[in-house]
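The briefing is meant to be read beside the coordinates.

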Amino acid sequence: MAYLQPLSATHHSDLIDSFSVFERILGFVPNSMLTMQRCPAIVKGFTVLTEAVMSPHGSVDVGFKRLIAHFASKAAGCRYCEAHSLVAAKIHGMSEEKVAAVWNYKTNALYTEAERVALDFALAAGSVPNGVDETLMSKMKQYWSEQQIVEILAAVCLYGFLNRWNDSMATDLEDAPKALANNVLKKHGWTAGKHV
C-alpha cells in the first residue's frame, strides 16, 4: 500500500493540462502524479521535462525510448516503472511481439544490434554504481549519433527520477500496467512487490 495516497485528479484544477499529457502517454493519470500534486510546481516541471525527453519529434523512436526507460527501471529495481514503461512502449508503437520478447532482446531477431547495444547502455546507466564505461560508449557511437545518445540517456535519467519517487512512495500500481507486467514480465521474475 502506498505511503501517501494519491489525491483526486480534480484536486488542483491548474494541473488539468499536465494530467492530460500523462493520459495521452499511458491512457490514464498515474498514481505517481496524483501523489506528486501535493507540490503542483513539481508536476508541471516534470510534465515539461517528460514532453521534451519523450518527444515524438526526436531522432529516437518514442516507443523505443520507453523500452530504454523499462531497462533503466529494471536496473534500478523499480517494479512500478518497469510496468509503466512497458505499457507506454506498446501505446507508442512497439509491437506486441517485441514487447513480449523484451527480456530475450540479446538473441531475439526482432531486436537489432543497435537496439541491443542501447538496451545494454540503459541497464548500465540505470545501475548504481553507474556501469557505463568507455567500451560501452564506443559501441553506442558505432550505432547511434551524438543526438541519439543524448535522447537515450535522457530517457534513462527521466526514469531515474520516477524510479526513486515510486519506490520511495511505494506507489500503488494501476490495473493496466499490472496486467501487462504479469503477462510479460512475471516469467522473468517480476512481481509487483510493494506496489500493490
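What follows goes from the chain as a whole to an annotated span and then to two individual residues.

The structure is a predicted model, and its chain holds ten helices and zero strands. With 196 residues, the chain has a radius of gyration of 16 Å, which agrees with the value near 16 Å for a compact globule of that length.

**Overall fold and surface**

- Read along the sequence, the elements follow the pattern α-α-α-α-α-α-α-α-α-α, and the C-alpha trace spans about 50 × 35 × 30 Å along its principal axes.
- Buried residues account for 50% of the 196 residues in the chain, while the accessible surface comes to about 9100 Å², with 56% of that area belonging to carbon and sulfur atoms.
- When contacts between residues at least 6 apart in sequence are considered, 71% of them join residues that are at least 24 apart.

**Annotated span**

- An unreviewed UniProt entry lists residues 40-122 as "domain: Carboxymuconolactone decarboxylase-like".
- In the model, this span of residues 40-122 is 69% helix and 0% strand, and its end C-alpha atoms lie 30 Å apart.

**K65 and its surroundings**

- The side chain of K65 makes a polar contact with the side chain of E151 at 3.3 Å.
- Beyond its neighbours within four places in sequence, K65 is in contact with V53, M54, S55, G58 and V60, and also with E151 and A155.

**K44 and its surroundings**

- A polar contact at 3.1 Å joins the side chain of K44 to the side chain of D14.
- With neighbours within four places in sequence left aside, the residues in contact with K44 are D14, L15 and S18.
- K44 and V184 are 140 residues apart in sequence, and their C-alpha atoms are 32 Å apart in space.

Key:
Residues numbered from 1 in each chain as written. Predicted model: local features only at pLDDT ≥ 70, side-chain atom pairs only at ≥ 80, totals over all residues. Heavy atoms only, no water. Polar contact = N/O pair within 3.5 Å; in protein donor to acceptor, adjacent residues only side chain to side chain. Contact = heavy atoms within 4.5 Å. UniProt positions renumbered as here; feature names shortened; annotations may be inferred. Helix = DSSP H or I, 4+ residues; strand = E, 2+ residues; numbered from the N terminus. Rg over C-alpha atoms; globule rule 2.2 N^0.38 Å. Buried < 20%, exposed > 50% of the residue type's maximum accessible area, 1.4 Å probe, protein only. Areas by Shrake-Rupley, 256 points an atom, 1.4 Å probe, with all protein chains shown as cover.
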